[in-house]
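Hi there,

Here is the structure I promised to pass on to you. Have a look at it first, and then read my notes below with the viewer open.

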Amino acid sequence: MGAKGQSRRKRIFCVAITLFVTLSCVEPISAQIKYSIAEQTDVGSVVGNVAKDLGLDISSLEGRQFRIVSGSDDDQFKVNPSNGVLSLQGTLDREQLCESVSPCLVNLKMVANNPMEIHHVGVEIIDVNDNSPRFQEEEKTIEISESTLPGKRFHLSTARDPDVSINSVRVYKLNHNEHFSLQIRERGEEKMPFLVLQKSLDREKNNEHKLVLTALDGGNPPRSGTLNITVHVLDSNDNNPTFSQEVYSVTIPENIKADTSVITVTATDPDEGVNGDIEFYFVGELDPKISDLFSLDKISGEIRVKGSIDFEETDMFKLDVHATDRGHPPMSSDCRVIIKVLDENDNKPEIEVTSLSKLVSEDSKPGTVVSLISVTDQDSNLNGKVICSLSDNVPFELKPSFQDNMYSLVLKQHLDREAASHYEITLTATDCGQPPLSTFRTLSVDVSDVNDNKPEFSQNPMELYLTENNIPGNSIFCVSASDKDLGDNAAVHYHLVREESSQMKITAFLNINSENGEISALKSFDFETVKMFQFQVVASDSGSPSLSSNVTVNVFILDQNDNAPVILYPVSSNGSAEGVEEVPRNVNAGHLVTKVRAYDADIGYNGWLLFSLQEVTDHSLFGLDRYTGQIRTLRSFTETDEAEHKLLILVKDNGNVSLSATATVIVKVVEPKEAFAASDVKSSAKDDEETDVTFYLMITLGSVSVLFLISIIVLIAMQCSKSTEYTSKYLQEANYDGTLCHSIQYRSGDKRYMLVGPRMSVGSTIVPGSHANTLVLPDRRNTSDEVR
């Protein structure tokens, strides 16, 4: 018990030393690191600090979701996401993980996000001597003829040890005896024990020999296994079967059909009779995997396929065939059959998406990594060489990594969410076999919005026709802008541009609803004060930073009939307009008695004045021009005509609700001499009166002209700033025919408008339009002559 305890302590000490040495020998290779750890190490033991060895920021590991993402072997290990320590979470059994492969290497793939990184960590499992050599059979019986000459060899079973390298079978020993010795032959890395007859046997002296074959491995301390050999001494069959060749080699394709002949081994025996009849057997107990795949005809030596051959599982088989005659005792020999498997393209490539960013911002720069992809193919050579490609018409591309079959899916051009908000990326992996095999994988990527579009108005500038005397506080107009972005980036709010210029001061009386763009006026506009103005509306989105655009709104004030005609002559006095005119009795018909002059501040129909006689002493004597207000004689005066006549003239406009004023003219008929003398007497007073009337008339005409010219200049400036599809042309047409008047012609779209005030010339053709103070004139222009 003490010896076993001491041996156990030595073993633990050796394992600890090995672990310490291997863990201290971490070396980075390209973008990889490698650790070593002995099998059977206690669960929870630390393999190494991956984050420290990779140079990662340990404080950010947990937020970057540092983790293992590879294969099925990673369940033996775990990594602490907070400090990057790699440790064991299961018992390591090198023989179970790697069987006879050496070195035994477990590759771990580790990923960290934000930014995305992938690292490869290799962990080599160091073998410890935890298995003893073991023979396939515990007892072996050998029959040897007494005629057998010294030097004859007899094949013994080999011991198998799952351990590798120094811990595998290294030495065979045979207990001491005078007739037999042990000979070792090496076939590759394998040692084959043979029992060699050193001294002739004498059945009569001893017909049975007991031998013990011991197999020792190279561990410290070494482990051993034994085989009890019983040798029966027989008579006479003294020739062994001889194979035509000691090693047979053949190549077969994988997926070969069952019951297909692989190879036939042949052996000869010079003995006769049953001593020369040969039977073939597989040596010892075959691995169950091999015995399920191949069969051997014991008479013919033909080896046939029995199961399914898969190159990806095993690419080569080694079979030991034993040939035995039927003599007494039987003689035998053995050979090695090596069967190589030829790979066929029977495996499709496999696509593994290690990491994928399903949402990509539309302002991402070209070269941004969207996904990490690895591609594998279990076939070999050209059958395992894989070519990857992407679907057409996607703004992404594949870039290979420094490792074979590792790719990065990166952005190759700028994205525009408004043009395409979602991409279905088809990834195709095709091998180079014949025929080639392909695998498809679809990746879905959405494009997130950024504020890269300004709000847009449907047209710029906009025009608003607003009737004067509007109700303060009521809505007069509504603007609307659209934004192609989403969410807050498309939420539009409005505000007015308020400046200190004379035009923009009017915006102080405007208010706009920031949510829906509805504009209301805080005061009532008067056409006679302002005929047009403009303001600007700014539409801004709620993105960060905010984007905006503006629109110019041109407001045209439309006239209402809210001004009554004003009598300029006769001059009003005490609220009534009354004048006296003297006419010689000898005047002829058509003589101009006087002219009634009137003015209306409105324009168009509202300012178009008509004159009519309401009361007259003699309808046959005087006539009134309804357009000019001229009073003329219709005939010559007679002796019977009265000397004084009273004329009541009504002056009214043409508004929907007509407004009017009256003037009284008293005509006195005098004799020519009296008229001449009276004219001399009145000339002085007349001149003064005419001077006053002329003065007021000039002031009125000057004011209207200045206002009219300002309006024309503003309208022309606005017309020059408009596009060719939307033009307005303003023309001045002023007529003075007894009544103060003016007109403005302009064009909007396909319609031609004329604003007239207070009356037009008699010969004008006027068609009432939709507005009370606007005339729509027939368009006499040819399309080809239209000024653009």
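Start at Ala429, whose bridge partner in strand E33 is Thr439. Bear in mind as you look that this is a predicted model. The two strands to pick out here are E32, residues 422-431, and E33, residues 438-448. They run antiparallel, and nine bridges join them.

Which strands make up the open sheet, and in what order? There are four, and the order is E27-E33-E32-E29. The pairing in this sheet is mixed. At its edges you will find strand E27 (359-361) and strand E29 (386-390), each of which pairs on one side only. From one strand to the next, the twist averages 30°.

Next, the aromatic rings. How many aromatic pairs does a search of the whole structure find? The count is nine.

The charged end of Arg153 is over the ring of Phe194, 4.8 Å from the ring centre. Likewise, the charged end of Lys523 is over the ring of Phe509, and here the distance to the centre is 4.5 Å.

Last, the cysteines. A disulfide is a covalent bond between the sulfur atoms of two cysteines. How many disulfides are counted in this model? The count comes to zero, with a pair of cysteine sulfur atoms needing to be within 2.5 Å to qualify. Two cysteines you can look up are Cys432 and Cys478. Cys432 has 23% relative accessibility, so it counts as partly exposed. Cys478 is at 43% relative accessibility and therefore also counts as partly exposed.

Happy exploring, and do write back with any questions!

Best wishes

Methods. Residues are numbered from 1 along each chain as its sequence is written. This is a predicted model: local features need pLDDT of at least 70, side-chain atom pairs count only at pLDDT 80 or more; totals for chains, interfaces and linings use all residues. Side-chain values use heavy atoms; hydrogens and water are left out. Buried means under 20% relative accessible area, exposed over 50%, partly exposed in between (1.4 Å probe, protein chains only). Two strands pair if DSSP finds at least two bridges between them. Axes are lines fitted to C-alpha atoms, for helices over the stretch in contact, and angles run from 0 to 180 degrees between N-to-C directions. Rings of Phe, Tyr and Trp (its six-membered ring) pair if their centres lie within 6.5 Å; planes under 30 degrees apart count as stacked, over 60 as edge-to-face and the rest as tilted. A charge sits over a ring if NZ of Lys or CZ of Arg is within 6 Å of the ring centre and within 35 degrees of the ring normal.
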